[in-house]
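These are my notebook entries on one protein structure.

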Amino acid sequence: MTTDSDRCAACQDGADLGFVFSMAFQPIVDISDRSVYAYEALARGPSGEPSGWVFERVDRDQPYAFDQTSRVRAIELASTLGLGNRLSINFLPNAVYEPERCIQTTLAAARRTGFPIDDIVFEVTEVEKVADSDHLRTIIESYKRQGFTTAIDDFGAGYAGLSLLADFQPDLVKLDMHLVRDIDTDPTKRAIVGGLLGTCKALGIDVIAEGVETRDEARALREMGVHLFQGYYFARPGFETLPQVPAEILADLA
C-alpha cells in the first residue's frame with residue numbers, strides 16, 4: 001500500500017524518472033485587447049517528441065513524481081524564456097493526495113525563479129476520470145485560496161460534463177476541440193456551445209475555445225461572445241520557445 005511518506009518521497013525525487021523531457025508552449029490569446037492571455041506548457045520529449053512519447057514512459061508508480069516534475073520544468077523553462085504572461089500547467093488530480101502538501105514543490109520553484117504565483121493557471125483535464133470528486137473540489141478550492149487560477153480542460157469531451165460545474169466552479173473552462181471543429185457550419189454544435197456559454201456566463205466562468213484551426217471557426221465563436229482562443233490558427237506549440245501570434249490575425253477578430 002502506498003503511504004503518504006512514499007508519495008512525498010516520489011515528489012521529492014521527481015527528477016529521477018528514468019527519462020528526461022522538456023516543454024513546448026502554445027499561446028492562448030485574448031482578442032478583446034489583442035494580447036496573449038497565457039502560454040500553456042505541453043510535455044515534449046528531449047528533442048521535441050510529442051506528448052505521447054512522454055506519457056508512455058511514465059510508469060504506473062510514477063504519477064506523483066511526474067506531476068511534480070512537470071510543474072517545476074514548466075515554471076523553470078518559462079522563467080528562462082522570460083515569460084511575462086500567465087503560465088498554464090496541466091496537473092493530474094489523482095496524483096495530488098493532499099493539496100497543501102503537494103503544492104510545496106511548485107511554490108518553491110516559483111520562489112526560486114521569481115515567477116508570480118498569481119500568473120499560474122492549473123488545468124485539470126476532464127477526460128481523466130477523477131477517482132473522488134470531493135477530492136478534486138478540495139484541490140480546486142485550495143488552489144484558489146493560494147492565488148492560482150483554475151481551469152477545466154477538454155470540457156464537453158469527458159466523463160462528467162456539466163456535473164463538474166455543479167460540484168465546483170473553476171475560473172476557466174476550455175471547450176473541447178471536437179465542439180469547436182466546424183462550428184461555423186454546424187448548427188448543432190453552435191446550439192450546444194451557445195448553451196455552455198450561457199451557463200458559464202451565469203456562473204462567472206470565462207471560456208477558452210481550444211483547437212481553433214480556421215478563420216471561420218474563430219469568427220463564428222467570436223460572434224457567439226468568445227474572446228479567449230487557442231489553436232493552430234493563432235500559433236502552433238513552440239518547442240522550448242514562446243511563439244508569437246501574427247498581429248493581423250488578432251486585428252481581424254478584434
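**Largest cavity.** I sorted the lining of the largest cavity by residue type and found seven nonpolar, one polar and two charged residues. For this sorting, Ala, Val, Leu, Ile, Met, Phe, Trp, Tyr, Cys and Pro count as nonpolar, Asp, Glu, Lys and Arg as charged, and the others, Gly among them, as polar. I note that this is a predicted model, in which local features need pLDDT of at least 70 and side-chain atom pairs count only at pLDDT 80 or more, while totals for chains, interfaces and linings use all residues. Residues are numbered from 1 along each chain as its sequence is written, and side-chain values use heavy atoms, with hydrogens and water left out.

The lining consists of Ile28, Tyr37, Ala38, Ser88, Val121, Glu123, Ala151, Leu172, Lys174 and Ile208. Two or more of these residues come from each of β2, β4 and β6 (172-175). I took helices (H or I, at least four residues) and strands (E, at least two) as DSSP runs numbered from the N terminus. The cavity holds about 30 Å³ of space, and my search of the whole structure found one cavity of 30 Å³ or more.

On a 1 Å grid over the protein atoms alone, a cavity is a set of points where a 1.4 Å probe fits but cannot get out; a pocket is an open set with protein on both sides within 12 Å along at least five of seven lines; lining residues have an atom within 4 Å of a point. Points are joined across faces, edges and corners, and a volume is the space filled by probe spheres set on them.

**Largest pocket.** I then turned to the open space. The largest pocket has a volume of about 690 Å³. By type, the pocket lining divides into 13 nonpolar, nine polar and eight charged residues.

**Nonpolar cores.** Which residues touch the most other members of the largest nonpolar core? Among its 71 residues, they are Phe25, Leu87, Val212, Leu221, Phe229 and Phe234. Helix α3 (residues 63-80) supplies the largest share of this core, eight residues. Apart from it I found another core of eight residues, including Ile28, Ala38, Val121 and Leu172. A nonpolar core is a set of buried Ala, Val, Leu, Ile, Met, Phe, Trp, Tyr and Cys residues joined through side-chain atoms within 4.5 Å. Buried means under 20% relative accessible area, exposed over 50%, and partly exposed in between (1.4 Å probe, protein chains only).

**Helix α3.** Of the 18 residues of α3, 13 are buried. The helix reaches 26 Å from its first C-alpha to its last, close to the 26 Å expected at 1.5 Å a residue; the expected span is 1.5 Å times one less than the number of residues. Just after α3, glycine 82 takes a positive phi of about 75°.

**Valine 124.** This residue lies in strand β4 (residues 120-125). Valine 124 counts as buried because its relative accessibility is 2%. Leaving aside neighbours within four places in sequence, valine 124 is in contact (heavy atoms within 4.5 Å) with Phe91, Pro93, Leu136, Ala151, Ile152 and Asp153.

**Alanine 108.** Is alanine 108 buried or partly exposed? With a relative accessible area of 29%, alanine 108 is partly exposed. Alanine 108 belongs to helix α5 (residues 104-113).
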